[in-house]
Amino acid sequence: MKQITNPAKVLGLLAIVLVTVFWGCHKETVTNSELNISGKWIVPAAFSKQGTQYEYDFKTDHTFEGTVTSIDSVSKKLIGTSSKRVGKYKIQNSVLTLYDITDYQNKNNAFGPVSELAAVNNIIAVTANYNMVLNAGGNVLTLTYICGPAEDCTPPQGVSYFKQ
């Protein structure tokens, strides 16, 4: 029996096997810039002592609308809206940035009809940054406000929003 072993052929075959094994085990990762948070996200009124519901609607064109509403605890019907925030958003390195923001407020910070919301005259351009965590199931978004250098903030706590 004559055995022929060419080292180049053996190494070439081994390289093909290794590439195939590693390629088959390759796990695709999603970068933060590819995260899709479009859709409605809420903190249900049931989680709030005052029956207040917080909602963000992130649209695919990178605009958003955030509202603060009051929900009746018995009937689950809308009592009214106290504020609304509209603007644009971007995601970079697990940071959600809201910018070009316009705020709307109801009279005396009370809950009332959306038709009574009035634009708030912001003296400076409003931008808000949040550390962002999206759970593996893609249905819980936790936002933690990043306090700016000139702001007097209490230690930030994450708020979890649930996908609707």
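A nonpolar core is here a set of buried Ala, Val, Leu, Ile, Met, Phe, Trp, Tyr and Cys residues joined through side-chain atoms within 4.5 Å, where buried denotes under 20% relative accessible area, exposed over 50% and partly exposed in between, with a 1.4 Å probe and protein chains only. The model is predicted: local features need pLDDT of at least 70, side-chain atom pairs count only at pLDDT 80 or more, and totals for chains, interfaces and linings use all residues. Residues are numbered from 1 along each chain as its sequence is written, and side-chain values use heavy atoms, leaving out hydrogens and water.

Apart from neighbours within four places in sequence, Leu98 is in contact (heavy atoms within 4.5 Å) with residues including Tyr56, Phe58, Phe64, Val126 and Tyr130.

Ser83 is buried, because its relative accessibility is 17%. Beyond four places in sequence, its contacts are Gly66, Thr67, Val68, Tyr104, Gln105 and Leu117.

Finally, select Cys147 and Cys153, which form a disulfide (a pair of cysteine sulfur atoms within 2.5 Å) with their sulfur atoms 2.1 Å apart. A search of the whole structure finds 1 disulfide. The link of Cys147 and Cys153 is right-handed, with 85° about the S-S bond. Cys147 is partly exposed at 31% relative accessibility, and Cys153 is partly exposed with a relative accessible area of 31%.
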